[in-house]
Amino acid sequence: MAAPSTMRRRGRTAALRREARTAWLMSSPALLLLVLFMGIPILLTFILSFTNTRLISPNPPQFIGMENFVRAFTDDPTFIRSLTNTVFFALIVVPFQSALALALAILVNQKIKGVTAFRTMIFMPVVTSMVVVSILWSFFYQDNGLFNSMLNTVTGGGWSAIAWLNHPGTAMPAIIVLSIWQAVGFHMIIWLSGLQMIDPVLYEAADLDGVNGWQRFRYITWPGLHSTMVFILVTITIAALGLFVQVDVMTSGGPQDATSTIVYHAVRRGYREQDMGYGSSISLIFFVAVLLISLIQRWLTREKD
């Protein structure tokens, strides 16, 4: 009896090994791409951040230790301004975009006529290139653009037209409005998927108990959306901290560095000014900051016993 049992175990072990080899073979192209386009760049960024490497320079790179990091926080006011702008952008976009997306998801989750068309219209900006959206909104924000024309009409000709992207006080708010408008449809769909996973029996029982709309949301909807909420907060935060395209297309970091962000500053210093060592150090600071913020968010939103 022992021999057949041993043979069966050996057969299962061999089958598991074949499955493992097949799995590694099937996943090898994706793993290779991850190593080439993520693993190696991250490793190079870490190495270059401790050197004075330049893209075009007759001098060989030299190891300078923590000098680039000290320079960022003590001798680069543009970096500090970029850090402040990035934090401000994230603090505004994360709560407003997630709340607006949730409100829209609750609205389109209702069984009313025309909700499918409304859902499609809200989602359409998501599938449009951010470069195209940024170019179009740049025209809207001009002194003779759509927004000034609308405000002038609403105020009966009493509005003084301004170039929204040319003033330090209005450039970043203008980019914030654009960013929320473009991405809110994506997170609306994610909220909607979470809403549709909540058991309808819970709502039926709540109706029998005579609860009002706020109580339904507080005690049934919101607890049922916990996992969805964690995912949305993390993804919106990472996207907000990585703000780049809108700034690059619409303002180039101006006016007066009012819209410069960490990612834009890293690209500007690393590629356009060819200071790869310093640009890599900024990228490494950004990577560590995003990692820490994501871990803190995950800890704060964990499910408590």
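Helices here are DSSP runs of H or I with at least four residues, numbered from the N terminus, and N85 lies in one of these runs, helix 3. The model is predicted, so that local features need pLDDT of at least 70 and side-chain atom pairs count only at pLDDT 80 or more, while totals for chains, interfaces and linings use all residues. Residues are numbered from 1 along each chain as its sequence is written, and side-chain values use heavy atoms, with hydrogens and water left out.

N85 counts as buried because its relative accessibility is 8%, where buried means under 20% relative accessible area, exposed means over 50% and partly exposed lies in between, with a 1.4 Å probe and protein chains only. Contact means heavy atoms within 4.5 Å, and N85 touches M172, D257, A258, T259 and S260 when residues up to four places away in sequence are not counted. T78, which also lies in helix 3, is likewise counted as buried. With residues up to four places away in sequence set aside, T78 touches D257, S260, H265 and R268.

V247 has its place in helix 11 and is buried too. Beyond residues up to four places away in sequence, V247 touches I175, S252, G253, T259, T261 and Y264. From V247 to H226 there are 21 residues in sequence and 33 Å in space, taken C-alpha to C-alpha.

| Residue | Helix | Relative accessibility |
|---|---|---|
| N85 | helix 3 | 8% |
| T78 | helix 3 | 18% |
| V247 | helix 11 | 0% |

**Nonpolar cores**

A nonpolar core is a set of buried Ala, Val, Leu, Ile, Met, Phe, Trp, Tyr and Cys residues joined through side-chain atoms within 4.5 Å. The largest such core has 44 residues, and F89, V93, Y141, M188, W191 and M250 are those with the most contacts inside it. Several helices each supply at least two residues of this core, including helix 3 (77–108), helix 7 (168–196) and helix 10 (226–241). Helix 7 gives the most to this core, with 12 residues. Apart from this core lies another one, of 10 residues, among them F50, I282, L284 and I285.

W191, leaving aside its neighbours within four places in sequence, is in contact with S98, A101, L102, A105, W222, L225, T228, M229 and I232.

**Two helix pairs**

Axes are lines fitted to C-alpha atoms, for helices over the stretch in contact, and angles run from 0 to 180 degrees between N-to-C directions. Helix 8 (residues 200–209) packs with helix 9 (residues 213–224) at an angle of about 150°, their axes being 11 Å apart. These two helices are therefore roughly antiparallel to each other, a term used for angles over 145 degrees, whereas angles under 35 count as roughly parallel, 65 to 115 as roughly perpendicular and the rest as oblique. In this pair, L202, Y203, A206 and D207 of helix 8 meet R216, I220 and T221 of helix 9.

Helix 12 (residues 262–272) and helix 13 (residues 276–300) have axes that come within 7 Å and cross at roughly 160°, which makes helix 12 roughly antiparallel to helix 13. Where they meet, I262, V263, H265, A266, R269, G270 and Y271 in helix 12 face M276, Y278, G279, I282, S283 and F286 in helix 13.
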